[in-house]
Amino acid sequence: MQRWFLIGLLLLAVHLTPAAAHAELSAEGMTLLGIRQQDTTGAGRPNVTIIDAAFATERDQVRVYDRGQNMVASDDWRIATDFTDDVWVFDVGADGTAQLIITFQQTDEGLVAELWDDRTGDGRVLHQIEPTLELLDSPFPTVRVLARDGWWQRADRSNFNLHLTVDGPVRASFAAPAFLEFLRHDGEPDFTITVRDTTNSGRPDWQWVDAWPKAPETSGPARLEAIQNVADDEYPITGSIFWYLLGSGEQYNKDYLISPPPIKMDWTTGRLAIVGEFVASRFNDDVWFMYSQYRPTPAEAGPASFESPFGFYDLAQDNDGYPELQVRMVANPPRNLYITGSNDSWTQQIRYSWDQANTTTWDYKLELFGQHPIETITHLPDFAVQMIAYEQLPQWVVEREWSIDFVAVENTDLPYWTSEGIYETPTDTRQMLDYNLGNSAERPRRSVDLPVGMRHESTDLEQTYQPYLYFSPIDGKLHLRHATQGAWDLGDARALYYANLNGDAYLDQWLWLQNTGDADNYRTISRQLNVTDAHLIYSDSAVEQVQLRAVAVPPSLFETLPPTNHAEWQQLGSQLAQHQRDLDPHDLRAKFNQFAGDTLTLNGARLRDFRFTDAGGFRFVLTALPHFSPRGADAALFAGLAPGEYLVAYTDQLQITPLPPPDLTLTLHLAAQGDTLSRLAPRGIELSNAEIADANGLTLYVEAQQGEQRVPVLEQRVGVHGMDQQWVALDWQPTQLGAWTIVARLFDQDQQQVAQTQQTVTLGANAATAPAHILHLSSNTRVWWQAPVLLLVIGGVIALIFSRLAPPARPTEHTP
Amino acid sequence: MSQHQLHETDRPLPATLHLLIALGLGLLFASYVLLRYGGLWGEGDTTTFAFAIQQMISSEQLIPDVNRYANGYGYQVLATFLSQISGAPIGFIQRYAAILLAIWIIPPAWLLYRELVGSARGATLATLFLLVQPELLFVLSRGTHEKFTRGLMLLSLFLLIRSLRSTDRLSRFASLIICFYLCIYAVIAFNTFLANSFVLAVLLALVLCWVVIREQPLSLRPAAQAGVLVQRLLFTSVICLILVFAFIFYIYPPAQISLRVLTTIAERSAALILDVEPVPLAGDAINPYATIDSAWISREAYVLLTLSNWLLLGASASIWLWQTLAWGLGRRAPPDPAAVLLWAFYGAFAIQGALSILADFSIGGNLQHRVFPSFTLLAVPLITRAVIQWQPPTPSIQRSAYATLALVLGLLAILSTLKATNEPVLSNKWIFYHPSELQAITWADTHLAERGLWVGFDERLIAGDALATDVQPRAVRLDGWAVEAGTRSFLISDVIRSRGTRLGVPLPITNDAAITYDNGITQIYRLRPETPYQR
């Protein structure tokens with residue numbers, strides 16, 4: 001008897017004492033250190049489970065209180081506790097306080113979890129467990145999670161048909177940092193989050209967040225964020241702290257190949273910091289998301305604005321978690337409240353990047369600007385929105401015409417990868433938006449300052465095109481059809497510039513420049529390759545050589561739209577593999593020598609000002625140096641040329657003409673006189689060049705002079721072709737009467753004045769500021785003397801009344 | 001001279017007639033304002049209040065969610081009441097009724113001045129002096145709260161002084177005190193910050209009273225009266241401050257928003273203590289000192305138009321300083337309690353005004369100093385007493401002096417009226433508009449819906465159109481000052497051309513802009529598109 005008693009005592013001791021503090025390693029975001037239970041009610045079964053764990057510090061504690069009278073005795077917390085009706089108290093540092101409390105309960109709506117964090121700033125959640133649960137920091141939970149299905153997790157899957165509300169300054173959307181200051185913990189939800197598992201796969205495939213900050217409605221941040229995982233392949237959640245949705249961390253977005261718990265606690269402050277992504281917005285290869293400033297409702301399929309949609313596509317069909325195509329559409333609906341100067345047109349700005357080689361490196365990008373109406377209604381769970389559907393987006397883009405920038409990542413030393421495609425683009429996008437909206441006529445700045453190794457080209461702003469690319473036989477690379485210019489920073493003060501001089505669809509000039517030397521000995525080396533219908537013209541300033549080769553080079557070997565699906569992507573890859581050559585970008589001569597033909601070589605010569613002529617030929621200025629010597633085809637034409645400059649022109653045959661300097665004149669076209677200050681009349685300047693030499697890189701400066709006053713009117717870069725004229729409009733409104741002298745000066749690249757003219761304009765008196773005129777305009781009776789008469793009446797009455805009211809004169813006192 | 005000696009020695013006119021004369025002067029000025037532009041004018045603050053009134057009417061709330069005046073609700077309530085009982089629209093109220101209502105300030109001013117100066121003649125003279133002050137005329141000629149705020153200040157001072165004289169008659173005393181506190185609450189309701197600074201000025205006046213009374217020899221000091229005076233003023237001030245506190249923090253929460261705009265303790269203190277007013281947006285406060293040169297055709301014109309201010313300032317300051325020295329050094333005793341009160345109130349408002357100017361310079365940003373009006377109210381009776389008390393050596397000198405003063409006053413009245421009404425011949429800030437301009441806007445409302453239309457170098461036409469249409473929204477987006485992005489249509493009228501010439505600013509259109517509307521005096525130009533995206 002005594003023996004059995006001792007054994008029983010031992011068993012009880014083992015049961016009721018903490019388990020040995022051995023670390024139980026777990027795939028979750030915590031380390032279990034031990035578990036014990038208590039019966040505080042004397043009911044003969046435990047009602048409190050105390051779990052020692054490390055989830056924030058080396059030693060923390062979780063106390064689980066049974067509210068359903070169903071806690072069982074076990075040393076496995078999964079059996080001892082539940083997420084149905086228990087209260088979970090998270091105690092960082094195991095000091096008896098609470099930093100987070102989660103209450104679970106079944107309601108008529110479904111299974112509810114309410115998360116209570118510190119709302120008073122003392123780093124703890126004040127609470128009372130017995131006799132009744134009371135949460136004293138706030139009457140409202142910060143996060144509330146509802147599972148209408150009535151369960152969180154089952155044996156093989158988790159429930160992701162959830163509805164969450166967030167109350168207070170918690171980052172619960174991507175755009176939330178922009179309006180955190182407007183979020184108040186006041187019982188009114190600041191965010192509502194809906195998560196769906198439409199296929200019941202145990203993985204979420206839909207998520208949308210509605211933000212309700214008490215910020216002005218016209219402030220910019222997105223208020224509706226929707227995400228869909230089209231392939232339904234979200235990774236299982238790892239790193240949870242007991243409850244599958246609870247974790248730690250600082251990142252709102254997911255990352256590739258991982259799904260952390262979305263509800264993230266900042267244990268150091270005792271506050272819920274983030275309710276992050278259930279569905280990865282960017283970090284997968286068949287997903288899309290929408291961040292919209294406008295908020296469509298179930299009743300109205302309104303337009304989406306901003307990123308709508310932003311899609312990622314698995315062109316390689318390898319399901320490796322990394323997309324090969326990214327298409328970002330920033331859509332501005334008509335009269336967009338969030339864009340200053342928005343007009344009544346749709347405008348779009350699109351980033352279209354793809355990884356052609358499937359090496360997790362973005363290879364090419366198109367940045368597209370345009371105005372296309374969007375009438376498509378895309379139906380999503382619970383609402384519909386006026387937006388191009390994810391599946392249709394790539395095709396929709398390539399079918400339409402745009403103003404285009406093209407970027408190719410040529411620097412293969414460092415892989416270029418971001419979660420959102422290639423960011424860099426040569427056009428200032430803000431300026432482009434204003435230009436695209438019609439708010440500004442100022443051409444957006446086109447920068448050549450992209451990082452080293454990024455080749456870029458742009459179409460003309462005035463025209464729109466489908467985004468065709470072509471493969472050039474000259475340099476073995478993909479180029480943008482209809483590009484007018486391009487550049488490639490090669491590093492070490494070297495760059496390659498592209499130009500389309502004849503206005504067709506293909507580049508026809510490669511210009512390589514290298515800056516060498518120091519401030520005292522600075523020089524630029526240039527190599528130039530020009531492509532015409534029947535010739536290649538190559539020049540090298542370093543060796544002072546010019547070569548002409550009679551050869552017809554096809555402008556492209558193949559042309560294509562950017563890939564929109566797996567088949568097109570594969571086909572482009574095959575074509576590139578077939579035709580691509582590894583040509584040194586610095587070596588224009590090698591490109592020139594790819595093609596055979598009759599060649600004229602001019603040694604001791606330089607070339608400048610190459611251009612195409614209206615007659616279908618070309619021309620350039622040849623500088624013959626003292627050691628000039630021609631050889632090869634047509635060398636006889638150049639034999640005996642004295643040192644100097646010559647115009648070399650080709651229509652059907654080569655012609656050489658000595659080149660005089662430009663003969664420039666300016667002619668002002670202004671009215672000689674006027675009688676009002678602000679009546680407008682056409683004004684301008686005509687620039688004429690009476691010689692055959694082109695005049696480029698000139699600066700036209702116009703100012704208006706009156707006495708000592710100098711008013712700048714115009715400063716503009718201009719150029720005039722040989723035997724041609726140019727008109728420059730003047731927009732000048734004189735603000736004072738009298739004689740004005742308009743002086744126009746033309747300066748060359750060396751700041752030397754090459755032409756001047758002036759004209760005097762006399763502006764006579766006008767009635768605009770005459771008092772009588774103003775009185776006439778301002779008087780409701782249109783009678784100018786009305787006001788003066790009324791004023792005289794006022795003055796007279798005041799004077800009269802004062803004179804009547806002034807104290808009477810007192811009689812002088814006489815002393816006897 | 002005792003109070004009795006202040007009374008006129010010739011046959012006096014009845015007090016009622018004096019008051020009617022004063023009212024007539026006010027009506028004269030109001031008539032000029034109405035006739036000058038015929039109601040065809042627009043001004044920023046007037047329009048702001050129009051929106052606030054309209055919002056109160058349409059929302060049927062004392063504190064609407066939007067378009068509310070954060071510093072008080074009194075004026076909006078009054079205008080709403082007038083609009084509802086008369087059926088007059090808001091634009092009419094603001095452009096016409098508000099001008100005519102300016103004469104309401106006359107009775108409280110006259111009554112107060114009669115208490116301070118000692119006679120009906122003096123009260124009428126002081127009121128006449130008041131009506132040649134351009135800064136006060138300016139606030140009377142607009143559709144804002146200020147005419148009522150200032151008038152209520154005058155009325156409350158009158159009631160306070162009367163109550164101090166009625167301590168022996170309890171029923172009258174109680175009635176006056178109740179009316180006084182009702183009046184103070186009304187001031188608070190019209191503008192809580194001005195009310196608070198007014199109350200603090202009263203408190204400061206109390207301190208000055210106490211100083212003066214304390215310095216007088218015991219034999220001259222009406223001891224009991226002095227003690228009662230000081231005690232009354234102290235209680236009064238404390239209760240008034242409690243009312244202000246309750247209003248800001250409990251009755252009218254939007255007033256707290258105004259206070260919160262001011263981010264520093266210095267700014268908040270200045271708003272509550274001095275004669276300044278918070279403005280909604282930081283940087284919106286105009287530096288009145290800096291705009292003198294640009295607001296008028298010349299600095300000389302400005303000096304001339306404000307001559308009345310400078311004369312008032314100089315004369316009243318001289319008188320006050322003389323009194324301070326005389327009483328302080330014990331050479332003279334204050335002639336009567338009214339003189340002490342007037343001296344104290346003037347000193348309090350003058351000190352407050354000086355500190356406000358300093359605050360404007362040193363703190364700036366969110367505060368808009370209201371120069372002169374409060375100070376003016378107490379300066380004119382000070383001068384009036386001096387004029388009445390002046391005893392020239394001979395009657396002929398007196399007659400000549402008064403004749404000269406009459407002419408000067410007549411001239412000052414003209415100059416002050418010109419300044420108060422922003423006479424466009426002299427002012428660069430025009431408030432009038434031509435009917436053809438509104439016609440053009442009406443056309444644009446149909447043909448340029450959802451588009452921008454630039455309508456001038458400032459808010460003139462925007463405000464004028466709002467008042468003319470009873471602040472009903474337009475389909476066209478009116479754009480003033482700098483041209484907004486996306487605005488490609490421009491309203492150019494003879495008024496705008498003249499204004500541009502006056503300001504030396506070119507019109508914001510190009511030589512080749514197309515005329516899309518022309519009614520002879522006003523055109524609408526449309527810029528030609530320079531890109532495929534412009535229309």
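The model is predicted, so local features need pLDDT of at least 70, side-chain atom pairs count only at pLDDT 80 or more, and totals for chains, interfaces and linings use all residues. Residues are numbered from 1 along each chain as its sequence is written, chains are lettered from A and ligands numbered from 1 in the order in which they are written, and side-chain values use heavy atoms, with hydrogens and water left out. Chain A has nine helices and 46 strands. Chain B has 23 helices and seven strands. Helices (H or I, at least four residues) and strands (E, at least two) are DSSP runs, numbered from the N terminus.

**Burial, contacts and surface**

- Chain A has 816 residues, and 53% of them count as buried. Buried means under 20% relative accessible area, exposed over 50%, and partly exposed in between (1.4 Å probe, protein chains only).
- In chain B, 56% of the 535 residues count as buried.
- Take contacts between residues at least 6 apart in sequence: in chain A, 57% join residues at least 24 apart. For chain B the figure is 80%. Contact means heavy atoms within 4.5 Å.
- Chain A exposes about 35600 Å², with 51% supplied by carbon and sulfur atoms. Chain B has an accessible surface of about 21200 Å², and 66% of it belongs to carbon and sulfur atoms. Areas come from the Shrake-Rupley method with a 1.4 Å probe; for residues, only the protein chains shown count as cover.

**Strand β4 of chain A**

- β4(A) spans residues 87-91, and five of its five residues are buried.
- A:V87, A:V89 and A:D91 point one way, A:W88 and A:F90 the other way.
- Strand β3(A) (residues 60-65) runs antiparallel to β4(A), joined by five bridges. Here A:Q61 stands opposite A:D91.
- Strand β5(A) (residues 100-106) also runs antiparallel to β4(A), joined by four bridges. A:W88 stands opposite A:I102.
- Two strands pair if DSSP finds at least two bridges between them.

**Nonpolar cores**

- The largest nonpolar core has 139 residues; A:F802, B:Y113, B:F345 and B:L378 touch the most other members.
- Another core lies apart from it, with 67 residues, among them A:A304, A:Y352, A:V397 and A:Y465.
- A nonpolar core is a set of buried Ala, Val, Leu, Ile, Met, Phe, Trp, Tyr and Cys residues joined through side-chain atoms within 4.5 Å.
- Leaving aside neighbours within four places in sequence, B:F345 contacts B:L157, B:L160, B:V202, B:A205 and B:L378.

**Helix α19 of chain B**

- In α19(B), 15 of the 17 residues are buried.

**Salt bridges**

- The whole structure holds 45 salt bridges over all chains. Each is a side-chain nitrogen of Lys or Arg within 4 Å of a carboxyl oxygen of Asp or Glu.
- A:R430 pairs with A:D434, the closest N and O atoms being 3.0 Å apart. Both lie in helix α4(A) (residues 429-437), four residues apart, about one turn of the helix. A:R430 is partly exposed, at 43% relative accessibility.
- B:D458 and B:R499 meet at 3.0 Å, N to O. B:D458 lies in the loop between β3(B) and α22(B) and B:R499 in helix α23(B), so the pair ties together parts 41 residues apart in sequence. Both residues are buried.
- Salt bridges that share partners join B:E43, B:D45, B:R142, B:E146 and B:R150 into one network.
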